[in-house]
Amino acid sequence: MNDRGLPAAADIVVVGGGTAGAALAGILARDSDASVLLLEAGPDYGAFSGGAWPAGLLDARHIPNTHGWNYSGLAHATQQTLTAYDRARVLGGCSAHNGCVALSGHRRDYDAWAELGNAGWSWDDVAPAFERARQALRVRQVETEDVSPFHGAFLDACTAAGLPHVPNTDNPDGVAEVGLSPVNIRDGVRWNTAFAYLDPVRSRANLRIVGNLLIDRVELAGGRAVAVHVVGDDGAARIQAQRVVLCAGAYGSPAVLLRSGIGPAEQLRALGIAPTHPLAGVGQGLQDHPSVGATFQGTPAFMDDMRRWDAQKWLSDEQALAKTRSRVCREAFDLHVFTYAPALADASGWHFQIWAACVDVQSTGSVTLTSTDPAAAPRIDHGFLSDPDGHDLAVLQDGLELARDIGQQGRFGRELVLADPELEQVKRGGDTRALIARRVGIYYHPSCSCRMGPASDELAVVDSAGGVHGLQGLSVCDASIFPRLMRANTNLPSAMLAEHLAPGYCKSA
């Protein structure tokens, strides 16, 4: 043990206890005899049964605003201020902090990964890992009787607009449909990966979990990772490792690599970091689903109906989802149109919103360092709407127009009124491009900043087993390695990564 009470060494050090990291550490501890050390920057509140978890992290009805990294970044060049791009700083990561939607995407997402040179990542290859992740996270389908008046009005309006209703929107072959999203919720509790994967193995002697610890860098020697350097309240420490797996997310993992001297050489030198392993793709190719929303105000009668419902039933912020195709759709589908109804701070009611997101995103951005200090946030630029042919913007134009069409259908049209002066100024069918550029936001699915690909791809960072190209004993297992972002949120796919990659780490342990 060192002066901080940390182990001096471990067979496998997992850096980051988020959605993928908590799942990976749990599987490794369960399925191997290797000593596993899980390091998390945020707190570990212990097992769910211990009762120490904050109520806001457990309550699956609302997305909490605690335990954040306070990240911010640039969405679009026309925006004058930085946008909040927060990620969760707590064991379980964003699976302890999200809307609990559990989708896998379309089979073409993963078949395309394989076509890009990533053997073993087609839909048929990853489908079993998805099923194991669903079982672990207790994913279930929301019952029809649990649909609130707002979400129900949205479902009916989408059906009236021509989208067929389906019982489960997590269909790898679905293209144009509307329904309720499956969720990782158990008895109203947000069932995160810490509960699903770590609680069953917390008593094992080969697992150690340490929270409230920042990761500075990975130490390299002789072409392999040999240790991690950490910083906590008691100062710095070095932990020797046979294998290091970065699971710090699409913003955190590239930052750790860059601080370790792994990345674009000129960028590193500009910060005074000696390039120990030049790798051009680190931090490049960042993707998220650009989105734009429209706000509606309920009539007094509708608000009364919602209050009666809320007093008797379970109501979530997110619940209903439509998948459909824009006029520029290339394959499968490229639009999510979904509901969001967070409660107002003054308890007077709800924000009723319909959001449209481009989920076959073509634009890319980057994550770069602002400092060598591990406590300093990186510079985040998603590059929204930057694709040269305007694909993503065209998708959002169609999505925003569909949101307005849905807002005029059935009960939605009668009892919810568009309360968006800027959007109201643009006539139906008019040019919304400038409006979208000003308002484009994030769907909170950052990915692809350490993307997976063959060594022949100059921007690939890891191989198909998650290993960093050109180095031994260093891997990445989180949403940063997605070659392209799938047509889904990243909650379930991140857990799938751990399920899919863990067996290989167990064999090599």
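Start by selecting β1, helix α1 (residues 19-31) and β2: together they form a right-handed β-α-β unit. Right-handed here means that, with the strands pointing away from you, the path from the first strand over the helix to the second runs clockwise. Helices (H or I, at least four residues) and strands (E, at least two) are DSSP runs, numbered from the N terminus.

This is a predicted model, where local features need pLDDT of at least 70, side-chain atom pairs count only at pLDDT 80 or more, and totals for chains, interfaces and linings use all residues. Residues are numbered from 1 along each chain as its sequence is written, and side-chain values use heavy atoms, with hydrogens and water left out.

Next, pick β1 (residues 9-15) with β2: they pair in the parallel sense over 4 bridges, pairing being at least two DSSP bridges between two strands. Click Val13 and you'll find Leu37 of β2 opposite.

Now show the side chains of β2 (residues 36-39). Val36 and Leu38 point one way, Leu37 and Leu39 the other, and all are buried (under 20% relative accessible area; exposed is over 50%, partly exposed in between; 1.4 Å probe, protein chains only).

Leu39 has Val210 in β8 as its bridge partner.

Finally, back to α1. What covers the buried residues?
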